[in-house]
Structures are given as C-alpha cells and as structure tokens.
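User: I am new to reading protein models. Can you take me through one, feature by feature?

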Amino acid sequence: MEKLTIKTPPDVLSFIGHTLGFWPKESLVCITLNENSVGATLRIDLPRQPGQELPYAHTVAHYLTSDTTATSLLFAIYTSEPCQSGQPKPHAATIAALTGVLAEQGITIRDGLFVGDDTFSPYDGEPGHELALPVSSTQTSAINAEFIYRGSAVQPTDQVTLPATREALANAAAVEHHMDTIRSVPATTATTQARKLWAGMLDTASFPSDDDSHALVANLQFPAIRDRLIADIPDLEEPMQHILFAQTDGAPKWSRIEWAQQLLLHAYTRTSPQHAAPVLTTIGYINWWEGRGSKAHQFLQLALDTDPAYRLARLSDQMIGSGLVAGWNMNKETAYKALPFD
C-alpha cells in the first residue's frame, strides 16, 4: 500500500489513535523517528505518584531505545488534569526527566502535545496563550480519513468486551466428550490430530463448525497440546520456545495471528466458564505478541476470573507486569504494524 505522510498535529493524534486502536487516557504516548520516518509507538500509563519521575523516565527510555534507529521522538500527554496559568504543565517533571535520560542515549524530543478532554495544544505553550484546537478536529484530518478508508477504527477506550456465550451446559458437555476422546489416544497422536485440526482452521477463511470449535477448546485444556497450538499460530519453522517468547529470526505471519484471534473469540462463544481460561489466555498471549500489553492483561485477568488457579494466565500476567516486551516488537522488521507510514 502507498505510504502516508503525517503533516499536522491532528494527523499525529489520529495516527496514535488508529495505531493503538483506542483513544488513550492518562497516558504518555511516544513515537520514535529516524529523520522523517516513523518508528515505534509506545503507550504507557502516566506516573500516579510524585517522586517517580526518574525511574519512570528510565523505564520509558528502555522501551524506546529498542528502536536502534531512533534519533528523535514526538510525544503526547493525555490527561484530564487542567492547565493552570503561571504553573508548569501537568507531568512537566516527568517530561524533564525523560528529556535528560533520552539525551544520554542520543535521542532528542522534537515536539510534544498536551491532550485534554476537549482540546489539545503544544506541550511547551503557555497555558491560556497557546493555540488550542478541539480534539474533534482529529476526525477531519487526512490521516484519519485514510485510516477509515482502509478499514481502521478508533475505540473510545481499550476496555475488552467479550462476545456473549450461549448454551453453556451443552457446550461444556460437548467439550468434555472431546476431552475423553483425546485422553483415549496416545499423547503424540492427540497432538498430531490437534495440530491438523488447528491448521485447517487457520488456513480456511471461514469460521469452523460448532463441533470443531468444541474440539479446539478441548485440545486447549491440555497444557502440552495448548503450547504446541500456540506455537503453530505464527507459521514459523523454529524451536517452539523461541516462538512462544517471540524470539525468532524470521517474522511471524501477522495476518494469520489476527485470524487466530478471531477463531479463538469465535470458540469462546461456544464454550463454558469451566473451559474458558485456556481460550482467553491464548488470546491474551496473542495481544502480548502484538505489543498490546494492556489488552493482554485484561484477557489474562478474565481468564483468571474463570479459573483463579490457571497457571499459564498467572505466569503470563506476571511476565507482562514485569515489563517484558515480546521480542518481535524490539525489531521493526518483525514488529506488529497495521499500516505503512512516513
């Protein structure tokens, strides 16, 4: 597809919204740049307590410097905190600390925006004197129009809303029946059959039958099969542990990963609470691969709501909470991206 050019502040905010998929709140968003080319986009919650500015700046810089070609960046502060005339902008100490830490890495801050509930303005402008534009102006930006034309949309928040399930008792019985069948055959045979079923779903452009969905859910109940099926999603011929932790030499097939997420959400509607945790955990894992940490956390919490003892969900949530980023997102050649941009 033709590359697009970001020219105005509304373009910047539209780019952020469509890249993230939602409108940030109480967030710092940074976009790395190499000359005039866009690199990585990072969203992180703003610090909630004073005195955290320097550790916070080091954390942000650690993520941003994974783009080894970055020489500068743009940032946007999204907050409901009002600007007071004669007072520093909200989170000014955070931006000052980040400026210093990035300078040590040879990265300069090219520009910044302060985004409130209704208006946005240059971050370094004097409150009450700078040119403030309505947030609604992003809806008429050229970048926003192009994104919408290409099928993208910006959600009001990143809050996960699960599709409704139906016939829980019947679904549970169907899944249990398939689990009995899986237990009745040797482990290697069960894994081979599960991989064949899953590959057929991933290679087909239509949703599977309810019986195949129940069979998929049943296979995900067995940890060894589950891990193998997760590793099969990106379609890479590399060691399973490298794929699971996104530490491969080759780039994953992101379109296949997106389709896998849709298949899993479809399967979720045909399961029951007692079998839902592996499905939701796998969706959470996919979101971590894509660099959507907040959504990954939500799916993993939903998995733990259905089964508080589900080990993979708990360990994965701890991994994400520690700040570990999927290896694919540390390299622009393998990182998840929706559309090309200049």
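User: Start with a helix. Which helices do the buried residues of α5 pack against?

Analyst: This is a predicted model. The buried residues of α5 pack against α6 (187–202), α7 (210–220) and α8 (223–232).

User: Which residues of α5 are buried?

Analyst: Asn 171, Ala 172, Val 175, His 178, Met 179 and Ile 182. Look down the axis of α5: these buried residues fall within an arc of 130 degrees, so they line one face of the helix. Now turn to the other side of α5. There, Leu 169, Ala 173 and His 177 are exposed.

User: Now strands. How do β1 and β2 run, and how many bridges join them?

Analyst: First, the general idea. In a regular strand, side chains alternate between the two faces of the sheet. Now the case here. Strands β1 (residues 27–34) and β2 (residues 37–45) run antiparallel, and seven bridges join them. The hairpin of β1 and β2 has two residues between the strands, and Glu 35 takes a positive phi near 55 degrees.

User: Let me try a single residue. Is Ala 76 buried or exposed?

Analyst: Read its relative accessibility. Ala 76 has 0%, so it counts as buried. Ala 76 sits in strand β3 (residues 72–78).

User: What is Ala 76 in contact with, beyond its neighbours within four places in sequence?

Analyst: Leu 13, Ile 16, Ser 27, Leu 28, Val 29, Leu 113 and Val 115. Val 12 and Ala 76 are 64 residues apart along the chain, yet their C-alpha atoms are separated by 9.1 Å.

User: Which residues touch the most other members of the largest nonpolar core?

Analyst: That core has 55 residues. Trp 198, Leu 216, Leu 264, Trp 288, Trp 289 and Trp 328 touch the most other members. A second, separate core has 23 residues, including Leu 46, Ala 61, Phe 75 and Tyr 123.

User: Last, the whole chain. How many helices and strands does it have?

Analyst: There are 13 helices and six strands. The radius of gyration is 22 Å, close to the 20 Å that the globule rule gives for 342 residues, so the chain is as compact as a globular protein of that length. Of those 342 residues, 48% count as buried.

How values were computed
Residues are numbered from 1 along each chain as its sequence is written. This is a predicted model: local features need pLDDT of at least 70, side-chain atom pairs count only at pLDDT 80 or more; totals for chains, interfaces and linings use all residues. Side-chain values use heavy atoms; hydrogens and water are left out. Helices (H or I, at least four residues) and strands (E, at least two) are DSSP runs, numbered from the N terminus. Buried means under 20% relative accessible area, exposed over 50%, partly exposed in between (1.4 Å probe, protein chains only). Contact means heavy atoms within 4.5 Å. Two strands pair if DSSP finds at least two bridges between them. The arc is that of the directions from the helix axis to the C-beta atoms. A nonpolar core is a set of buried Ala, Val, Leu, Ile, Met, Phe, Trp, Tyr and Cys residues joined through side-chain atoms within 4.5 Å. The radius of gyration is taken over C-alpha atoms; the globule rule is 2.2 Å times the number of residues to the power 0.38.
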